[in-house]
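Please read them with the structure open beside the text.

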Amino acid sequence: MVYDLIIIGAGPAGITAAVYAARKRMNFIVITNDIGGQTGWSGEIENYTGYQFITGPDLVNKFEEHMRQYNVIVKENEQAEEVKRAGDNIKVKTSKGEYEAKSLIIASGKVSRQLGVPGEKEFKNKGLTYCATCDGPLFSGKNVAVIGGGNSALDAALQLVKIAKHVYVINITSSLGGDAVMREKVEANDKATVLNDSQVTAIYGDKFVNGIGIKRAGKEEKIAAEGVFVEIGLLPNSSFAGEVERNERGEIKINVKNETNIPGVFAAGDVTDVPDKQIVIAAGEGSKAALQAFKYLNKIR
Ligand SMILES: Cc1cc2nc3c(=O)[nH]c(=O)nc-3n(C[C@H](O)[C@H](O)[C@H](O)COP(=O)(O)OP(=O)(O)OC[C@H]3O[C@@H](n4cnc5c(N)ncnc54)[C@H](O)[C@@H]3O)c2cc1C
């Protein structure tokens with residue numbers, strides 16, 4: 001079977017592309033590791049138009065409900081591993097099979113950056129995690145550390161002050177980044193301590209994490225913590241994209257029509273070189289990509 005379109009990813013970009021493709025009656029599938037992407041990791045969302053406040057998981061439910069209304073075929077828990085041309089068509093090899101389509105939208109978003117220090121791999125999911133929304137409740141009443149100083153770290157810290165005994169924010173630069181509103185909330189919270197100019201050197205533990213090593217003002221220190229939340233930024237999920245052109249950060253290069261360098265291959269959302277990474281932007285880009293894929297299909301028919 002050759003589909004009209006394959007969409008890789010079901011975050012805001014992929015789901016919105018799916019809603020638009022369904023409404024254009026395109027014959028398509030969505031291939032995705034999960035439903036919701038990064039939005040599901042977000043605690044409080046206050047900037048998605050139409051919702052003055054909504055949690056990440058609730059917004060994902062709304063997105064999914066909207067997409068499922070159109071009986072979209074979603075290949076969930078399936079990872080795209082390779083994208084290649086097959087004549088005028090595109091083939092996508094996945095962890096479970098191979099699919100062919102006349103067009104493709106890559107909406108695979110971003111994944112957490114690793115610290116790269118001793119103990120990180122060993123204690124992953126044994127007290128060290130990359131998702132405060134998912135794992136925060138496991139650390140009720142405990143001392144935890146959030147590593148990072150941008151919006152993701154601030155979001156994690158604000159979620160954790162409600163659950164944990166105390167939250168240390170370990171920031172490598174001399175002051176916190178991110179949005180002023182979030183920064184002020186963290187700095188004003190008695191349950192949070194911000195340690196600037198601090199570089200993480202190791203994660204310590206026995207069976208589970210019991211602390212982190214940091215270097216501050218030339219001195220090594222150990223901070224006791226039973227939970228470590230790594231929030232140091234994200235990398236684009238584009239390694240499977242084959243000949244699709246990327247920039248030096250690994251983001252897929254697109255033009256204003258969401259076209260890549262390969263005819264019929266479009267990209268949308270955080271995986272692209274569009275400068276701002278937000279839910280509303282990813283959703284908008286997903287709709288643009290689907291409308292362009294529809295025009296492309298009409299042109300080649
Ligand atoms: C903690 C946190 C808080 C945030 N808070 C806000 C906020 O308050 N407001 C806001 O506007 N934005 C916020 N953001 C940013 C926002 O979540 C992202 O900009 C948005 O989710 C990007 O959407 P996307 O669809 O492009 O990618 P993602 O959300 O990253 O979705 C990518 C999708 O692709 C799938 N995927 C990845 N690789 C593959 C593969 N190889 N094969 C198959 N599927 C794959 C994933 O499973 C996922 O479904 C936050 C981000 C984080 C991390």
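1. The chain is divided into domain 1 (2-112 + 234-300) and domain 2 (128-230), with bounds that come from an automatic or database domain assignment. This is a predicted model, in which local features need pLDDT of at least 70 and side-chain atom pairs count only at pLDDT 80 or more, whereas totals for chains, interfaces and linings use all residues. Residues are numbered from 1 along each chain as its sequence is written.

2. The C-alpha centres of domain 1 and domain 2 lie 32 Å apart. Six residues from domain 1 and nine residues from domain 2 make the contact, where two residues count as in contact if their C-beta atoms, placed from the backbone, lie within 7 Å. On the side of domain 1 that touches domain 2 there are one nonpolar, five polar and no charged residues; here Ala, Val, Leu, Ile, Met, Phe, Trp, Tyr, Cys and Pro count as nonpolar, Asp, Glu, Lys and Arg as charged, and the others, Gly among them, as polar.

3. Around the ligand there are 35 residues, of which Gly9, Gly11, Gly37, Gly109 and Gly269 come nearest; a residue is near if its C-beta atom, placed from the backbone, lies within 6 Å of the molecule. Among the elements that give two or more residues to this shell are helix 1 (12-23) and helix 4 (151-160), helices being DSSP runs of H or I with at least four residues and strands runs of E with at least two, numbered from the N terminus. By class, the shell has 13 nonpolar, 17 polar and five charged residues.

4. Strand 12 (residues 166-170) is mostly covered, with four of its five residues buried, that is, with 20 or more other C-beta atoms within 10 Å of their own, the atoms being placed from the backbone (12 or fewer is exposed, and in between is partly exposed). Strand 12 runs parallel to strand 11 (residues 143-147), to which five bridges join it, and parallel to strand 13, with four bridges; strands pair if DSSP finds at least two bridges between them. Ile170 is the bridge partner of Ile147 and also stands opposite Leu195 in strand 13.

5. Asn71, in the loop between helix 2 (56-68) and strand 5 (73-76), has a positive phi of about 50° although it is not a glycine, and Asn71 is exposed, with 8 other C-beta atoms within 10 Å. Asp197 likewise has a positive phi of about 50° without being a glycine, and is partly exposed, with 13 other C-beta atoms within 10 Å.
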